[in-house]
Amino acid sequence: SGILWTRVAEYYDNTPLPFNNRANFYRDAKMYDAAMSDYNRAIQLKADHPTYNSRAKMFFEKNENEKALADYNIAIQKKPTAEYYVNRGAAYARLGRMDDAINDFNKGLQLDPNWKVGYLNRSIMYQSLGNYPAALADIDAYLRLDPFNAELWYEGARCTRAVNRPGDAIKYYNEAIRLKPNFGLAYLERGRTYQGLGNLAQANADLQKASSLGEKVEPVNPMEAK
């Protein structure tokens with residue numbers, strides 16, 4: 001991509017497209033100085049909302065969150081989209097502005113209820129605030145849109161256990177393991193859940209599997225499992 005867009009820029013150096021696309025390539029390659037130069041050139045040619053959003057993503061990756069926030073503000077002023085609100089919400093979260101973050105996630109999901117990253121990010125926020133029922137609702141909403149994310153099934157299990165539904169948590173762990181058969185942490189936590197439910201045979205099997213996958217496993221204590 002870098003070679004392609006460099007070639008395009010040689011012939012079309014007065015349009016932002018090749019500079020913006022090459023900047024995205026440089027950003028993904030973590031060549032941030034080169035990316036910054038191309039983003040600035042693209043904005044000089046046409047200060048359009050996608051470039052501000054893309055440059056903000058680069059600032060976010062570099063933990064330059066105030067700069068990311070400034071660019072997301074401009075992108076939203078130019079065109080308020082679900083993506084831009086959700087992205088700005090993540091920047092607010094990094095800055096510890098939790099209420100602003102949740103407000104932006106809410107706005108993004110109002111604009112596009114199918115923008116799954118909004119549910120993901122908001123679920124993380126709710127977990128950090130200890131609001132596990134709300135976090136679980138967002139995880140379930142995400143999984144309805146993308147049921148193939150093993151890590152989110154695992155997070156769903158954690159939240160389900162947090163709201164004292166260990167039996168239902170097993171279903172989430174099962175799906176996480178089905179999608180990712182070598183998911184050692186899921187075996188470990190499913191084993192602990194089985195232990196709490198008194199199913200020591202299944203607990204032992206899961207904990208042994210977790211150990212074989214490199215997880216540190218404490219021995220099952222039958223007295224604690226009762």
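In total, the structure contains 20 salt bridges.

## Packing of α11 and α12

Two packed helices are described by the angle between their axes and the distance between the axes. For helix α11 (residues 166–179) and helix α12 (residues 184–197), the angle is about 155° and the axes lie 10 Å apart. Because angles over 145 degrees count as roughly antiparallel, α11 and α12 are assigned to that class. The crossing of the two helices, α11 and α12, is left-handed.

On the α11 side, the contact is made by P166, G167, I170, Y173, N174, A176 and I177. Their counterparts in α12 are A186, Y187, E189, R190, T193, Y194 and L197. Sorted by class, the contact of α11 with α12 comprises 9 nonpolar, 3 polar and 2 charged residues.

## Model confidence

The average pLDDT of the protein is 91, and 90% of the residues score at least 70. Over residues 222–226, pLDDT remains under 50. For this stretch, residues 222–226, the model has 6 contacts beyond four places in sequence. Where pLDDT is low, the predicted coordinates should not be read in detail.

Key
Residues are numbered from 1 along each chain as its sequence is written. This is a predicted model: local features need pLDDT of at least 70, side-chain atom pairs count only at pLDDT 80 or more; totals for chains, interfaces and linings use all residues. Side-chain values use heavy atoms; hydrogens and water are left out. Axes are lines fitted to C-alpha atoms, for helices over the stretch in contact, and angles run from 0 to 180 degrees between N-to-C directions. Helices (H or I, at least four residues) and strands (E, at least two) are DSSP runs, numbered from the N terminus. Angles under 35 degrees count as roughly parallel, over 145 as roughly antiparallel, 65 to 115 as roughly perpendicular and the rest as oblique. A crossing is left-handed if the near helix is turned anticlockwise from the far one by less than a right angle, and right-handed if clockwise. Contact means heavy atoms within 4.5 Å. Ala, Val, Leu, Ile, Met, Phe, Trp, Tyr, Cys and Pro count as nonpolar, Asp, Glu, Lys and Arg as charged, and the others, Gly among them, as polar. pLDDT is the predictor's confidence in each residue, from 0 to 100. A salt bridge is a side-chain nitrogen of Lys or Arg within 4 Å of a carboxyl oxygen of Asp or Glu.
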